[in-house]
Every structure is written in structure tokens, then in C-alpha cells.
Amino acid sequence: MSEEETLYKIILVGETAVGKSSILVRFTDNTFTPHFAPTLGVDFNVKTIRNKETGQTVKLQLWDTAGQERFKSITQTFYRGSHGVIVVYDITDSKSFDRCRNWIEDINNYSMGGMIMILVGNKSDLPSRKVTYEQGKALADELGIKFLETSAKDNVGVNAVFDTIVQDIQNII
Ligand code: GDP
């Protein structure tokens with residue numbers, strides 16, 4: 001094992017209010033707030049995780065981007081140099097799901113390739129679902145990326161998202 005600390009830059013993208021900040025805060029602080037405070041531009045958080053099998057520690061630099069179109073130019077510059085992107089939609093909001101194709105196209109256009117992506121359907125705790133698990137899985141399969149559903153509120157699937165993306169990044173590096 002190298003003494004040098006491994007640092008991975010991971011970005012969360014998706015429409016406003018799908019729960020990107022909530023997923024990040026659940027993962028880094030294990031908390032959840034029900035009120036909505038939109039991210040302006042970008043914000044980042046750092047968390048060190050340890051691989052239970054190898055004992056290796058990996059530092060994650062996690063970037064929370066604003067979904068608003070007016071911040072698109074900021075977001076595009078942040079794709080550069082990143083290892084992974086988490087594309088998030090809200091399972092109760094079909095439009096946020098439809099927009100994932102655009103996010104993934106953007107990433108492919110601006111990232112110069114080699115980036116690991118994962119599709120995440122958040123708010124799985126809500127009964128007012130509009131996007132089925134099968135629809136999410138079908139889109140991810142078509143795009144050749146992994147898929148998970150999460151609830152930042154109930155802490156379901158959030159750690160699995162980060163474990164999966166880190167493992168996939170390690171597999172290509
Ligand atoms: P962002 O704009 O994508 O960063 O979205 P936020 O993280 O600010 O979340 C938008 C709203 O959705 C807030 O009111 C959150 O409390 C709520 N929210 C986020 N994740 C969940 C979740 O898993 N379940 C439920 N029920 N609400 C959530």
C-alpha cells in the first residue's frame with residue numbers, strides 16, 4: 001500500500017431539488033434537513049473512507065453543483081479533472097429523470113472521457129413515485145452505467161453509492 005494519499009474528485013449533478021446536497025450531507029455528516037436551501041454555484045466537502053478489505057484510505061473531494069441552467073458554465077469547468085460523477089434524479093419528478101440524459105450528454109461532451117458515472121434515483125421513501133425502479137435501471141443499462149435508488153432522508157443506499165463509485169474508479173485507475 002502506498003503511503004501517498006489517494007484523492008478522488010467526485011461531482012454530484014442533476015436538476016435543482018432532487019436531493020444532491022441532502023445525499024452529500026447524509027454521507028459526510030449523517031444528518032438530514034427537510035428545508036430546501038439551493039446550492040449557488042458549487043460547494044465541496046471532503047470525506048476520508050477506508051476500504052475494509054485492503055485497509056487503504058481514500059480521500060474523497062465531493063462537489064455539489066447547482067442544477068440551474070445559469071450555472072452550467074461553472075459546472076462544465078468542474079467536470080475537468082474529476083474521477084466520477086453521480087447523476088441524481090427525484091423518483092417523484094419525471095422531468096428530473098428525463099433531464100438525466102442531458103446531464104450525461106454534457107458530461108460526455110465536456111469531460112474528455114474516462115469518467116465513472118452512476119445514476120441515482122433519490123427520495124425512495126416517498127409514496128408519490130413517478131419513475132419506476134425498472135425505468136431507472138433501463139436508462140442506466142442503455143447508457144452502460146450503474147444504477148441505485150436512495151433515500152437521503154431515511155439513509156437508504158447512500159453509502160452504497162459512494163462505495164460503488166469508488167470501487168469503479170479504483171478498477172480503472
Ligand atoms: P438539491 O438542490 O438537489 O441539492 O436538493 P436538496 O438536497 O436541497 O433537497 C431538496 C429538497 O428535497 C429538500 O427539501 C430536502 O429536504 C428534500 N429531500 C432530499 N432528499 C430527500 C429524500 O431522500 N427524501 C425526501 N422525502 N426528501 C428529500
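**A loop residue and its surroundings**

Author: Thr92 sits in the loop that links strand 4 (84-90) to helix 3 (94-98), where helices (H or I, at least four residues) and strands (E, at least two) are DSSP runs numbered from the N terminus. The model is predicted, so local features need pLDDT of at least 70 and side-chain atom pairs count only at pLDDT 80 or more, whereas totals for chains, interfaces and linings use all residues. Residues are numbered from 1 along each chain as its sequence is written, and side-chain values use heavy atoms, with hydrogens and water left out.

With a relative accessible area of 18%, Thr92 is buried; buried means under 20%, exposed over 50% and partly exposed in between, with a 1.4 Å probe and protein chains only. The side chain of Thr92 makes a polar contact of 2.8 Å with the side chain of Asp90. A polar contact is a pair of N or O atoms within 3.5 Å; within protein, one must be able to donate a hydrogen and the other to accept it, and residues adjacent in sequence count only if both atoms are side-chain atoms. Once neighbours within four places in sequence are set aside, Thr92 is in contact (heavy atoms within 4.5 Å) with Leu126, Ser128, Arg129 and Lys130.

Ala152 lies between strand 6 (146-149) and helix 6 (158-172), and is buried at a relative accessible area of 2%. Leaving aside neighbours within four places, Ala152 is in contact with Ser22, Ile23, Arg26, Phe32, Asn122 and Val158.

Turning to the ligand, 20 residues surround it, the closest being Ala17, Lys20, Ser22, Pro34 and Asp125; a residue counts if one of its heavy atoms lies within 4 Å. Helix 1 (residues 20-29) supplies the largest share of this shell, 3 residues. Ser22, one of the contacts of Ala152, has an N or O atom in its side chain 2.6 Å from an oxygen atom of the ligand. A polar side-chain atom of Asp125 lies 2.7 Å from a nitrogen atom of the ligand, and a backbone N or O atom of Val18 lies 3.3 Å from a ligand oxygen. The protein covers 91% of the 580 Å² of accessible area that the ligand has on its own, areas coming from the Shrake-Rupley method with a 1.4 Å probe and, for residues, only the protein chains shown counting as cover.

As for the whole chain, 6 helices and 6 strands follow the pattern β-α-β-β-α-β-α-α-β-α-β-α along the sequence. Of its 173 residues, 47% count as buried, and among contacts between residues at least 6 apart in sequence, 73% join residues at least 24 apart.
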